[in-house]
Amino acid sequence: MGNAQSGFPGGPPGDKDKKKEKKKWEPPVPTTIGRKKNKRGPSGAAKLPKVHPTIRCNLKLLKLDRIHDYLLMEEEFVQNQQLLKPQEEKTQEERTRVDELRGTPMSVGTLEEVIDENHAIVSS
């Protein structure tokens with residue numbers, strides 16, 4: 001017919017080489033439309049594994065949180081008591097000093113009459 005010579009089977013001589021070298025299938029090149037998004041969050045190695053019995057774990061966590069709060073309150077109370085202890089000791093010492101200065105009364109009497117600045121009549 002056109003360019004091919006009649007009488008030769010097959011066709012053009014380079015046709016057999018093309019059929020033998022069939023290309024292997026390759027996945028299509030991914031389309032890149034727009035900017036590439038960066039993955040957020042920790043990398044795969046840094047992520048914590050999922051714990052499967054979540055209900056039991058949550059209950060245990062709540063219980064431990066409650067215990068932790070109680071222990072924090074107790075620690076704060078002990079610190080406050082240690083701060084107040086020196087103050088209590090000071091007040092006790094002051095009371096003993098005042099009692100020493102006052103002294104104990106020998107006996108109780110009543111003032112009958114004042115004569116002048118230095119003299120008075122007292123009855124017991």
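I began with strand 1 (residues 110–114), which is hardly covered: none of its five residues counts as buried. Buried here means under 20% relative accessible area, exposed means over 50%, and partly exposed lies in between (1.4 Å probe, protein chains only). The model is predicted, so I noted that local features need pLDDT of at least 70 and side-chain atom pairs pLDDT 80 or more, while totals for chains, interfaces and linings use all residues. Residues are numbered from 1 along each chain as its sequence is written, and side-chain values use heavy atoms, with hydrogens and water left out.

**Entry on the whole chain.** I recorded two helices and two strands, in the order α-α-β-β along the sequence. Helices (H or I, at least four residues) and strands (E, at least two) are DSSP runs, numbered from the N terminus. Of the 124 residues, 0% count as buried. The protein exposes about 14,000 Å², and carbon and sulfur atoms supply 56% of that area. Accessible areas come from the Shrake-Rupley method with a 1.4 Å probe; for residues, only the protein chains shown count as cover.

**Entry on the strands.** I asked in which sense strand 1 and strand 2 pair. They pair in the antiparallel sense over four bridges, strand 2 being residues 120–123. Two strands pair if DSSP finds at least two bridges between them. The two strands form a hairpin, with five residues between them. I then looked up Thr-110, which lies in strand 1 and has Ser-123 of strand 2 as its bridge partner. Thr-110 is partly exposed, with a relative accessible area of 46%. Its C-alpha atom is separated by 8.8 Å from that of Ile-121, 11 residues apart along the chain. Ile-121 is the bridge partner of Glu-113.

**Entry on helix 2.** I located Tyr-70 in helix 2 (residues 54–102). Tyr-70 is exposed, at 53% relative accessible area. With Leu-64, Ile-67 and Leu-71, Tyr-70 forms a nonpolar surface patch of about 410 Å² accessible area together. Patches are made of residues with over 30% relative accessible area and no salt bridge; like charges are joined within 9 Å, and nonpolar side chains (Val, Leu, Ile, Met, Phe, Trp, Tyr) within 5 Å. A salt bridge is a side-chain nitrogen of Lys or Arg within 4 Å of a carboxyl oxygen of Asp or Glu.

I also found Glu-93 in helix 2, partly exposed at 44% relative accessible area. Glu-93 gathers with Glu-88, Glu-89 and Glu-94 in a surface patch of negative charge. Lys and Arg count as positive and Asp and Glu as negative; His and the chain ends are not counted. The place of a charge is taken as NZ of Lys, CZ of Arg, CG of Asp or CD of Glu.
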